[in-house]
Each structure stands twice: as structure tokens, then as C-alpha cells.
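Reader: I am new to this structure, and I would like to learn how to read its features one at a time. Could you take me through them slowly?

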Amino acid sequence: QVQLIESGGGLVQPGDSLRLSCSVSGRMFSRWVMGWFRQAPGKDREYVAAMTWGGGDTDYANSVKGRFTIARDYAKENTLWLQMHKLTTDDTAVYYCGALKAGWGPSIETGARYDYWGQGTQVTVSS
């Protein structure tokens with residue numbers, strides 16, 4: 001059983017940076033995909049970014065491309081993080097990390113296909 005725990009959310013101002021972490025426990029496989037999604041109040045869960053757990057493939061939603069970076073922290077082997085820069089009010093949401101056993105492919109942007117989820121961490125961008 002895989003468990004995911006997000007942390008690092010908070011209240012920041014527009015233009016600020018923030019780094020979210022996802023602590024992973026349980027057995028993982030290099031071909032699995034780790035994704036970040038977010039859900040704003042009254043909206044559906046939205047894809048943000050994804051990468052293979054073993055590295056080599058990354059992908060971003062157009063809305064965050066060039067501002068966000070997804071990566072695995074190899075110093076802390078079971079940690080995934082999402083570095084966010086130039087935050088705007090549109091980035092306000094609960095951010096979730098998920099694990100997809102099916103591997104890299106068209107499903108990486110579909111939250112319903114993910115097998116495991118964390119509880120989420122709130123990011124609020126406000127002046």
C-alpha cells in the first residue's frame with residue numbers, strides 16, 4: 001500500500017514562490033507516474049504536472065509551464081516536490097499528489113486514473 005502526504009502549502013502573495021512536498025511511503029516502481037493536481041473551490045480537479053518516479057519524463061499543464069517544476073528529491077529518496085514560482089491568484093487551490101501505476105501515457109492528465117492520492121495541501125495566493 002502506498003501512502004502520500006503533501007506539505008508545504010500556505011498563504012503567499014502574488015509573485016511569490018512556494019515549494020510543495022509529497023512524502024511517499026510504500027513500495028514504488030520506477031515506471032509509475034507521480035502527478036500533481038489542484039482543485040480550486042467550485043472547480044474540478046485540474047492536472048498540474050507529472051513525472052515518472054524513476055525520472056526521465058516530465059509534463060506540465062500549459063497554465064504552469066515555465067513557472068512550476070516537478071522533481072524527485074533524491075537526497076530524500078521518497079520525496080516528490082513541486083517548485084512554484086511567479087504565483088498568481090489563479091494558482092489558489094488545494095494541491096494533491098497522486099500515483100499512477102499504469103505508467104507514462106495519455107492517462108497522466110486524468111485524475112480518475114490515478115491509484116493513490118494524498119490528503120492535499122492548501123495554497124492561497126492573495127495580496
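Author: Let us begin with burial, keeping in mind that this is a predicted model: a residue is called buried when its relative accessible area is under 20%. C97 has 0% relative accessibility, so C97 counts as buried, and because C22 is also at 0%, C22 counts as buried too.

Reader: How many aromatic pairs does a search of the whole structure find, and how is a pair of rings described?

Author: A pair of aromatic rings is described by the distance of the centres and the angle of the planes. The search finds seven aromatic pairs, among them F37 with Y47, an edge-to-face pair at 5.6 Å centre to centre and 70 degrees between the planes. Both of these residues, F37 and Y47, are buried.

Reader: Why is the pair of F37 and W117 edge-to-face?

Author: The planes of F37 and W117 stand at 75 degrees, with the ring centres 5.2 Å apart, so the pair is edge-to-face. F37 lies in strand β4 and W117 in strand β10, so the pair ties together parts 80 residues apart in sequence. W117 is partly exposed, with a relative accessible area of 28%.

Methods. Residues are numbered from 1 along each chain as its sequence is written. This is a predicted model: local features need pLDDT of at least 70, side-chain atom pairs count only at pLDDT 80 or more; totals for chains, interfaces and linings use all residues. Side-chain values use heavy atoms; hydrogens and water are left out. Buried means under 20% relative accessible area, exposed over 50%, partly exposed in between (1.4 Å probe, protein chains only). Rings of Phe, Tyr and Trp (its six-membered ring) pair if their centres lie within 6.5 Å; planes under 30 degrees apart count as stacked, over 60 as edge-to-face and the rest as tilted. Helices (H or I, at least four residues) and strands (E, at least two) are DSSP runs, numbered from the N terminus.
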